[in-house]
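Subject: Structure for your review

Dear colleague,

Please find the structure below, together with its sequence.

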Amino acid sequence: MSFDATSRGGVGGGVGLGRPVRRACTDLKPAREAVAALQAELGPGPFSAVFVFASDDRDRSELGAALAGAFGDAPVVGAASPGEIGPDGLVAGTLTALALP
């Protein structure tokens, strides 16, 4: 599942003005497969940052290893959550990402 919104930027033009903010969501459980699904849905970067929200039942060490370098030089910020916001609203048990242009 993926969905896009367009970055409006801030005062002075902002980073990524007019470029899409990309989002992706997967319910695949193996960390490497889930991260590969996010990469495919987010598409090519470069990204200025990627935010990842993982259901709290996922192995954090495995997920951290799978995310290392997955989005090039973009910093990846992650958080565990009891529920994630997906394209259809609140979901649970997923890996969800938001990539800034």
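Confidence. Please bear in mind that this is a predicted model. The chain has a mean pLDDT of 85, and 83% of its residues reach 70 or more. Among the elements of the chain, helix H1 has the highest mean pLDDT, at 97, while strand S1 (residues 2-6) has the lowest, at 43. Over residues 1-14 the pLDDT is below 50, although this stretch has 35 contacts in the model beyond near neighbours in sequence. Where pLDDT is low, the predicted coordinates should not be read in detail.

Helix H1. H1 has 12 residues and spans 16 Å from its first C-alpha to its last, close to the 16 Å expected at 1.5 Å a residue. Which residues of H1 are buried? They are Ala31, Ala34, Val35, Ala37, Leu38 and Leu42. Viewed down the axis of H1, these buried residues fall within an arc of 155 degrees, so they line one face of the helix. Just after H1 comes glycine 43, which takes a positive phi of about 80 degrees.

Strand S3. Of the 7 residues of S3, 5 are buried, so the strand is largely enclosed by the rest of the structure. S3 is joined to S7 by 6 bridges, and these two strands run antiparallel. S3 is also joined to strand S4 (residues 76-81) by 6 bridges, and here the strands run parallel. Valine 52 illustrates both pairings: its bridge partner in S7 is alanine 97, and its bridge partner in S4 is glycine 78.

Salt bridge. The count comes to 1 salt bridge. Lysine 29 forms it with aspartate 57, and the closest N and O atoms are 3.6 Å apart. Lysine 29 is partly exposed, with a relative accessible area of 44%, whereas aspartate 57 is exposed, at 54%.

Yours sincerely

Definitions and conventions: Residues numbered from 1 in each chain as written. Predicted model: local features only at pLDDT ≥ 70, side-chain atom pairs only at ≥ 80, totals over all residues. Heavy atoms only, no water. Salt bridge = Lys/Arg side-chain N within 4 Å of Asp/Glu carboxyl O. Buried < 20%, exposed > 50% of the residue type's maximum accessible area, 1.4 Å probe, protein only. Helix = DSSP H or I, 4+ residues; strand = E, 2+ residues; numbered from the N terminus. Expected span 1.5 Å × (residues − 1). Arc of directions from axis to C-beta. pLDDT = per-residue confidence, 0-100. Contact = heavy atoms within 4.5 Å. Pairing = 2+ DSSP bridges.
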